[in-house]
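Please examine the sequence and the model before reading each answer.

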Amino acid sequence: VLGGQVGAVDHITIGDRVRAGGQCGIVSDVEPNQDIWGLPQRPIMDFKREMISLRELPKLMKRLKKS
């Protein structure tokens, strides 16, 4: 299942039961039974952790400047 605006490069294999989140960029082979998101694609939970970390980055930068 490919969400809206998903792009994929030529000559790759996308396994069965793969679900790609919207605006995902698939640039390499994807194993079956994966939920992916991001550009380049990565497991959806990794992508979500990265987005949460980015949201916390300003607080971390303030703490670093104080020390």
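Q: Where does Gln 41 lie?
A: This is a predicted model, in which local features need pLDDT of at least 70 and side-chain atom pairs count only at pLDDT 80 or more, while totals for chains, interfaces and linings use all residues. Residues are numbered from 1 along each chain as its sequence is written, and side-chain values use heavy atoms, with hydrogens and water left out. Strands are DSSP runs (E, at least two residues), numbered from the N terminus. Gln 41 lies in the loop between strand S4 (35–37) and S5.

Q: Is Gln 41 buried or exposed?
A: Buried means under 20% relative accessible area, exposed over 50%, and partly exposed in between (1.4 Å probe, protein chains only). The relative accessible area of Gln 41 is 15%, so this residue is buried.

Q: With which side chain does the side chain of Gln 41 make a polar contact?
A: A polar contact is a pair of N or O atoms within 3.5 Å; within protein, one must be able to donate a hydrogen and the other to accept it, and residues adjacent in sequence count only if both atoms are side-chain atoms. The Gln 41 side chain also reaches the backbone nitrogen of Val 27 at 2.9 Å. The side-chain partner, at 2.9 Å, is Ser 28.

Q: What distance separates the C-alpha atoms of Pro 43 and Asp 16?
A: Along the chain, Pro 43 and Asp 16 are 27 residues apart. Their C-alpha atoms are separated by 15 Å.

Notes:
Helix = DSSP H or I, 4+ residues; strand = E, 2+ residues; numbered from the N terminus.
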